[in-house]
Amino acid sequence: GLYMEGGAGVLNVPVYLRGLYGSLTERCLEHDVELRHERVDDSSPFHFQRMMNRVGEDYDAVIFTAGAAMFDANDASIPAALRHLPISRVGGRAAILSLPTSSCPQGVIAGKYVSPLPKKGGRNRVHVGATFEHGGGNDNPSPFDTDHSDDHVVKFLSQQTNWFFSDIWNISNFESMIVGVRAQSQRTHLGRLPLVGKIGDGTYVMTGLGGRGLIHHGVYGDILGQAVVTDLAGLSGSAERMEERDKHVHWWREKWEESMSK
């Protein structure tokens with residue numbers, strides 16, 4: 001679990017991830033398990049398919065967690081098992097603003113968000129975001145709206161956050177733009193849920209955590225990890241065990257199977 005005391009509301013994600021990796025390393029040492037960190041630098045076509053092909057040879061199991069990179073429906077080199085998942089690629093842009101040293105706003109999330117960043121050059125900085133961009137369909141397969149300049153995005157964000165951040169916009173300077181692509185799951189009657197589960201022999205996926213990744217990653221990582229261990233032990237019922245933890249965990253499977261059959 002994660003406990004943030006003293007009214008803290010902003011998490012330094014790189015530090016948190018290093019802490020998670022350090023904890024994993026300690027647990028492996030305690031149980032005499034080898035932890036191997038292998039960086040795969042392969043941006044060539046059919047990379048994901050080659051990873052699937054290595055299951056049973058180099059790997060006992062592969063869990064795909066690469067987010068939006070796995071779901072470009074226009075890229076035929078991506079395996080069908082990934083391309084047909086009910087996920088869309090949504091572009092997002094957020095602005096970095098610099099502020100006078102006398103101004104240091106608290107982190108706020110209210111539809112849009114404002115998050116303090118480490119100081120740079122003696123000035124305070126904040127991260128304000130974010131847009132949700134869906135591109136222009138077949139004429140514009142990019143997930144970004146091409147007519148949105150930095151000035152346009154800053155104006156949009158200032159309008160969206162003005163009701164709780166108006167004073168800061170008047171004294172801040174635009175520094176840079178952060179650009180990224182989300183893997184966004186299809187909306188259900190319960191909202192957007194993470195996409196977690198098995199998509200082939202020894203092959204699993206965990207993605208679509210949305211803006212709640214900090215909440216979801218530990219819970220669903222544990223659920224999926226137990227399923228992988230169950231399968232590797234040659235036991236049946238891993239899917240049922242997942243559903244005992246969350247009865248909606250396989251919300252995506254029927255949609256996926258229907259799309260795969262077309």
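You are looking at a predicted model, where local features need pLDDT of at least 70, side-chain atom pairs count only at pLDDT 80 or more, and totals for chains, interfaces and linings use all residues. Residues are numbered from 1 along each chain as its sequence is written, and side-chain values use heavy atoms, leaving out hydrogens and water.

Now colour β10 (residues 203-207) and β1, which run parallel and are joined by three bridges. Strands here are DSSP runs of E with at least two residues, helices are runs of H or I with at least four, and both are numbered from the N terminus; two strands pair if DSSP finds at least two bridges between them.

Time to jump to β5 (residues 123-129). Is this strand mostly covered or mostly open? Mostly covered: six of its seven residues are buried, meaning under 20% relative accessible area with a 1.4 Å probe, protein chains only.

Bring in β2 (residues 87-99), antiparallel to β5 over five bridges; on this side, Ile 96 stands opposite His 127. Then pick β4 (residues 112-120), antiparallel to β5 over six bridges, and find Val 114 with its bridge partner Val 128.

Last stop: Gly 121, in the hairpin of β4 and β5, takes a positive phi near 65°.

Terms used
Buried < 20%, exposed > 50% of the residue type's maximum accessible area, 1.4 Å probe, protein only.
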